[in-house]
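These are my notebook entries on one chain. I wrote down what I looked up, in the order I looked it up.

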Amino acid sequence: MSRAIILGAAAVAVGVAAGGWALGHGQGHAPAASGTIPVATATVTLGTITVSEDDQGTVGYAGSFTVYSAVAGTVTWLPAADSVIRPGARLFAVDGQDVVLMRGRTPAWRAFGPGMSDGPDVAELQRNLVALGYDPYHAITPGDHFDWATEAAIERWQAAEGWIENGLIALGQVAFLPGPVRVAALAAGPGAAVAAGTPVITATSTTAVVIVAVPTAEQSSVTAGQRVTITLPDGGVTAGRVLGPAPVQTGATGTGTGGGTGTGSGGNTGNGSGAGTGTGSGGSAQATVSILVALDHQAAADGLDGSPVQVAIATQTQRDALITPISALLAGPGGSFQVTVVSGGTRRDVTVHTGLFDDIDGTVAISGPGIAAGTQVEVPRS
């Protein structure tokens with residue numbers, strides 16, 4: 001794995017490389033001889049320099065949800081894998097009865113109708129009926145009680161779907177999940193006989209993320225909110241930020257309640273993605289932890305589910321720094337660094353102090369006498 005250069009390691013690496021550059025460049029500034037390295041100039045700039053860790057990542061989706069059939073029957077319709085289902089649309093069907101997705105976190109575990117006991121599932125249903133436009137007179141005040149306004153909204157929904165208008169929702173006709181879902185896999189096929197509590201669909205959220213394997217020893221340098229740069233398989237680059245550790249998947253859980261009529265889901269959630277391991281040199285295993293990274297632009301992940309990406313995580317930042325290419329550094333006396341400043345027709349070596357090294361961009365922060373924004377320094381001609 002390519003790692004960012006930290007200051008001590010960078011000094012050694014650059015010193016070795018710069019030693020050869022210094023030999024060819026010459027500190028006495030004699031005229032360039034045949035075979036010496038041709039040079040050009042670079043401009044010292046004022047800006048921000050960042051040190052990044054470069055890690056491997058995989059594109060995925062946040063969250064994992066297992067949707068269960070709440071009743072026994074025959075699966076009569078299933079969505080296509082990778083399709084997106086939004087609240088108000090059907091998730092699947094059993095015995096010809098659609099199971100409709102609604103937004104919520106309490107599993108749909110019973111039928112809805114007048115006289116039912118109060119509960120948070122009633123409030124979830126009411127909020128969905130309002131959001132879907134079936135409370136045009138604003139008669140519903142979402143709460144735990146099933147009232148006449150809720151019954152009327154259900155009848156409007158049933159009329160719009162072409163169902164019997166009785167103001168009742170049978171067990172399993174709705175499934176509550178946190179929001180829109182993406183179908184990751186199908187656990188059953190059309191025509192399959194299912195019992196109450198049988199898994200039917202494995203789904204995720206529609207939010208694309210990158211799951212990054214970070215060596216455990218470097219976990220402390222990665223915190224929520226840090227900016228990242230993601231290099232995609234086609235070489236394109238997009239930005240993102242660290243969300244935090246990825247929840248370890250211990251297996252989705254949920255309940256399916258038998259009895260009654262209709263079909264549905266006792267869907268619940270089991271979040272995240274498991275922590276991974278990497279292999280190190282010599283065949284030894286290197287322990288890693290999984291970090292979730294959010295993409296600034298979701299469209300960048302379209303069609304890339306499961307694809308490998310490279311993630312540069314910014315870990316240190318130096319602002320208002322004087323920045324020059326690393327290749328401008330020369331090996332000076334006593335392990336110091338120098339740059340050759342070019343001004344008019346003169347050239348002079350200046351001893352500089354180095355700050356952060358950005359291994360990815362190939363730049364370094366420097367300071368020294370006469371070094372300012374706009375200073376011209378020699379670099380090998382590319």
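**Entry 1: Asp82.** I looked up Asp82 and found it in the loop between strand 4 and strand 5. Strands here are DSSP runs of E with at least two residues, helices are runs of H or I with at least four, and both are numbered from the N terminus. The phi angle of Asp82 is near 75 degrees, a positive value in a residue other than glycine. Asp82 is exposed, with a relative accessible area of 52%. The cut-offs are under 20% for buried, over 50% for exposed and partly exposed in between, with a 1.4 Å probe and protein chains only.

I noted the source of all this: it is a predicted model, where local features need pLDDT of at least 70, side-chain atom pairs count only at pLDDT 80 or more, and totals for chains, interfaces and linings use all residues. Residues are numbered from 1 along each chain as its sequence is written, and side-chain values use heavy atoms, with hydrogens and water left out.

**Entry 2: the partner of Asp82.** Which side chain meets Asp82 in a salt bridge? I found Arg182, at 3.0 Å from N to O. Arg182 lies in strand 9 (residues 181-186) and Asp82 in the loop between strand 4 (73-77) and strand 5 (84-85), so the pair ties together parts that are 100 residues apart in sequence. A salt bridge here is a side-chain nitrogen of Lys or Arg within 4 Å of a carboxyl oxygen of Asp or Glu. In general, side chains of opposite charge can pair when their charged atoms come close. Arg182 is buried at a relative accessible area of 7%, whereas Asp82 is exposed.

**Entry 3: other salt bridges.** I counted 6 salt bridges in the structure. One of them joins Arg110 and Asp121, with the closest N and O atoms 2.8 Å apart. Arg110 sits in the loop between strand 7 (97-103) and helix 2 (120-131), and Asp121 sits in helix 2, 11 residues apart. Are these two buried or exposed? Both Arg110 and Asp121 are buried.

Another pair is Glu378 and Arg347, whose closest N and O atoms are 2.7 Å apart. Glu378 is in strand 23 (residues 376-380) and Arg347 in strand 21 (residues 346-358), so this pair ties together parts 31 residues apart in sequence. Glu378 counts as buried at 6% relative accessibility. Arg347 is partly exposed, with a relative accessible area of 30%. I also noted that salt bridges with shared partners join Asp82, Arg182 and Asp305 into one network.

**Entry 4: His138.** I checked another residue with a positive phi value. Phi of His138 is near 55 degrees, and His138 is not glycine. I placed His138 in the loop between helix 2 and helix 3 (148-161). His138 is exposed, with a relative accessible area of 69%.

**Entry 5: the largest pocket.** I looked up the volume of the largest pocket and got about 240 Å³. The lining has 18 residues, and Ser52, Thr229, Asp358, Ile360 and Asp361 lie nearest the centre. Strand 2 (45-61), strand 13 (227-231) and strand 18 (308-325) are the elements that give two or more residues to this lining. On a 1 Å grid over the protein atoms alone, a pocket is an open set of points where a 1.4 Å probe fits, with protein on both sides within 12 Å along at least five of seven lines; lining residues have an atom within 4 Å of a point. The volume is the space filled by probe spheres set on the points, which are joined across faces, edges and corners.

**Entry 6: Arg227.** I found Arg227 in strand 13. Arg227 is partly exposed, with a relative accessible area of 40%. Arg227 and Ile313 are 86 residues apart in sequence, yet 6.3 Å apart in space, C-alpha to C-alpha. Beyond four places in sequence, the contacts (heavy atoms within 4.5 Å) of Arg227 include Ala239, Asp296 and Ile313.

**Entry 7: the whole chain.** I counted 3 helices and 23 strands. Buried residues make up 42% of the 382 residues. The average pLDDT, the predictor's confidence in each residue from 0 to 100, is 83, and 81% of the residues score at least 70. Over residues 1-35 pLDDT stays under 50, and over residues 249-284 pLDDT also stays under 50. Where pLDDT is low, the predicted coordinates should not be read in detail.
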